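Take a moment to turn the structure around on your screen before reading on. Then we can walk through it piece by piece.

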Amino acid sequence: MTDKVSIPDGAYILVADGTGARLFSASATEDNLDLTAVDILEPNYEKHEGPSGSRPPEQTYDQTQEATFAKHAAEALNSMAYAEKFSDLVVIADPQTMGQMREVFNQAVTDRITCELPKTLVNLSKHELEQHLSNE
């Protein structure tokens with residue numbers, strides 16, 4: 001049995017995998033969770049930047065692109081944290097993307113993370129995500 005996820009009112013919630021991410025703002029009470037879309041982050045392969053860290057020789061092109069996207073998503077959150085766009089952050093990502101983003105998060109982001117869920121939930125609709133998080 002897992003502990004219930006506590007999402008602070010006004011928290012930003014990032015739902016990501018290596019191919020894309022959605023950012024929501026939470027309106028949370030004890031009985032209700034309502035998410036509002038803030039941004040959609042998509043891969044931008046024109047930047048010709050690689051992922052953080054070294055690239056293992058057995059890594060495929062797609063794996064490299066996913067790691068690069070994870071880095072760019074983390075950098076976007078770093079910028080938002082410095083601009084004080086959010087005070088609390090919930091990060092939901094598949095385990096590999098979560099680990100890749102952690103390598104890039106700066107202290108301003110890590111200080112604001114209230115919960116991490118290593119799950120793949122990017123394909124859930126907003127309503128399904130609200131239900132899932134309310135029952136988590």
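## A charged pair to start with

Let's begin with two side chains: arginine 102 and glutamate 116 meet in a salt bridge, with N and O 2.7 Å apart. This pair links distant parts of the chain, since arginine 102 sits in helix H2 and glutamate 116 in strand E5, 14 residues apart. Keep in mind that you're looking at a predicted model.

How many salt bridges does a search of the whole structure find? The search turns up three. One of them joins lysine 126 to aspartate 34, where the closest N and O atoms are 3.6 Å apart. Lysine 126 lies in helix H4 (residues 126-135) and aspartate 34 in strand E3 (residues 33-41), so this pair ties together parts that are 92 residues apart in sequence. Both ends are partly exposed: lysine 126 has 33% relative accessibility, and aspartate 34 has 34%.

Lysine 126 has another partner too, forming a salt bridge with glutamate 130 in which the closest N and O atoms are 2.9 Å apart. These two both lie in helix H4, four residues apart, or about one turn of the helix. Here's the handy rule: an α-helix has 3.6 residues a turn, so residues three or four places apart point the same way. Glutamate 130 counts as buried, at 9% relative accessibility. Through shared partners, salt bridges join Asp34, Lys126 and Glu130 into one network.

## Which side of H2 is covered?

Back to helix H2, which runs over residues 95-102. Which of its residues are buried? They are Thr97, Met98, Gln100 and Met101. These four cover an arc of only 165° around the axis, which puts them on the same side of H2.

So what sits over them? The cover for the buried residues of H2 includes strand E1 (12-17), helix H1 (61-82), strand E4 (89-93) and strand E5 (113-117).

## A cysteine in strand E5

Strand E5 also holds cysteine 115. With a relative accessible area of 15%, cysteine 115 is buried, because the cut-off for that word is under 20%. Leaving aside neighbours within four places in sequence, cysteine 115 is in contact with Val5, Leu89, Val90 and Val91.

Now try a distance on your screen. The C-alpha atoms of cysteine 115 and isoleucine 13 are separated by 9.4 Å, while the two residues are 102 residues apart along the chain.

## Zooming out

Time for the whole picture. The protein has four helices and five strands, and along the sequence they follow the pattern β-β-β-α-β-α-α-β-α. There are 136 residues, of which 47% count as buried.

How much of the contact pattern involves residues 24 or more positions apart? Among contacts with a separation of 6 or more, such pairs account for 58%.

How values were computed. Residues numbered from 1 in each chain as written. Predicted model: local features only at pLDDT ≥ 70, side-chain atom pairs only at ≥ 80, totals over all residues. Heavy atoms only, no water. Buried < 20%, exposed > 50% of the residue type's maximum accessible area, 1.4 Å probe, protein only. Arc of directions from axis to C-beta. Contact = heavy atoms within 4.5 Å. Salt bridge = Lys/Arg side-chain N within 4 Å of Asp/Glu carboxyl O.
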